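Reader: I would like to go through some of the labels used for this model and ask what stands behind each one.

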Amino acid sequence: MNYKIIESIKNNLFRRDRVVLLGLFAGLVSNFFIWWIVFYKIQNIEDNLIPLYYNIYFGIGLIGQTKELFKLPQIGLAIYLINFCLAYFIYSKTKFFSYILLICSIIVQLLLILEVFLLFSII
């Protein structure tokens, strides 16, 4: 029984699709980049409290501890993994929606990178 499951995963076309592999690589690299930025920038911060949310109209909206910045890459990784699993299961029915899920997860990662850069620009 387990042999059939392993064999179906090995023969799955999802693993051989270039768009899927590109989405996998881009999502993982961008999430790793977010983790690296947050880890690197937190080491240079002396204060324990930093702004976690900034609005151009009202200014700083939320202040918290520096360790709370690690929630951003965690959220990005969770969204990426959920989208990737959904894309894996949808791929056999329609490739288009699985591609859309992968592209959306990459866009979320890029928006999180932008958010991290903007947060550290006001610190």
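Author: One definition to begin with: a residue is buried when its relative accessible area is under 20%. The model is a predicted one.

Reader: Why is S105 called buried?

Author: The relative accessible area of S105 is 1%. The cut-off for buried is under 20%, so S105 is buried. This serine is found in helix α4.

Reader: What does S105 touch, not counting residues up to four places away in sequence?

Author: With those neighbours left out, S105 touches Y80 and N83.

Reader: Why is I122 called partly exposed?

Author: I122 has a relative accessible area of 33%. Partly exposed covers values between under 20% for buried and over 50% for exposed, so the label for I122 is partly exposed. I122 is also placed in helix α4.

Reader: Which residues make the nonpolar surface patch?

Author: I122 is one of them, and the others are L49, Y54, I56, Y57, F58, I60, I63 and I123. The patch has an area of about 1,100 Å². Strands β1 (49-55) and β2 (59-65) are the elements that give two or more residues to the patch.

Reader: How many aromatic pairs does a search of the whole structure find?

Author: The search finds seven. One of them is formed by F33 and F117.

Reader: What makes the pair of F33 and F117 tilted?

Author: The ring centres of F33 and F117 are 6.3 Å apart, with 55° between the planes. Pairing requires centres within 6.5 Å, and planes under 30 degrees apart would be stacked, over 60 edge-to-face. The angle for F33 and F117 falls in the rest, so the pair is tilted. F33 lies in helix α2 (residues 18-43) and F117 in helix α4 (residues 95-122), 84 residues apart, and the pair thus links distant parts of the chain.

Reader: How exposed are F33 and F117?

Author: F33 is partly exposed at 32% relative accessible area, and F117 is partly exposed at 42%. Ring pairs also link F33 and F117 with W36 and Y40 into a cluster.

Reader: Why is the pair of F96 and F97 called edge-to-face?

Author: The ring centres of F96 and F97 are 5.6 Å apart and the planes are at 65°. Edge-to-face needs an angle over 60, so the pair of F96 and F97 is edge-to-face.

Reader: Is F96 buried or exposed?

Author: F96 has 52% relative accessibility. Exposed means over 50%, so F96 counts as exposed.

Key: Residues are numbered from 1 along each chain as its sequence is written. This is a predicted model: local features need pLDDT of at least 70, side-chain atom pairs count only at pLDDT 80 or more; totals for chains, interfaces and linings use all residues. Side-chain values use heavy atoms; hydrogens and water are left out. Rings of Phe, Tyr and Trp (its six-membered ring) pair if their centres lie within 6.5 Å; planes under 30 degrees apart count as stacked, over 60 as edge-to-face and the rest as tilted. Helices (H or I, at least four residues) and strands (E, at least two) are DSSP runs, numbered from the N terminus. Buried means under 20% relative accessible area, exposed over 50%, partly exposed in between (1.4 Å probe, protein chains only). Patches are made of residues with over 30% relative accessible area and no salt bridge: like charges are joined within 9 Å, nonpolar side chains (Val, Leu, Ile, Met, Phe, Trp, Tyr) within 5 Å. Accessible areas come from the Shrake-Rupley method with a 1.4 Å probe; for residues, only the protein chains shown count as cover. A salt bridge is a side-chain nitrogen of Lys or Arg within 4 Å of a carboxyl oxygen of Asp or Glu. Contact means heavy atoms within 4.5 Å.
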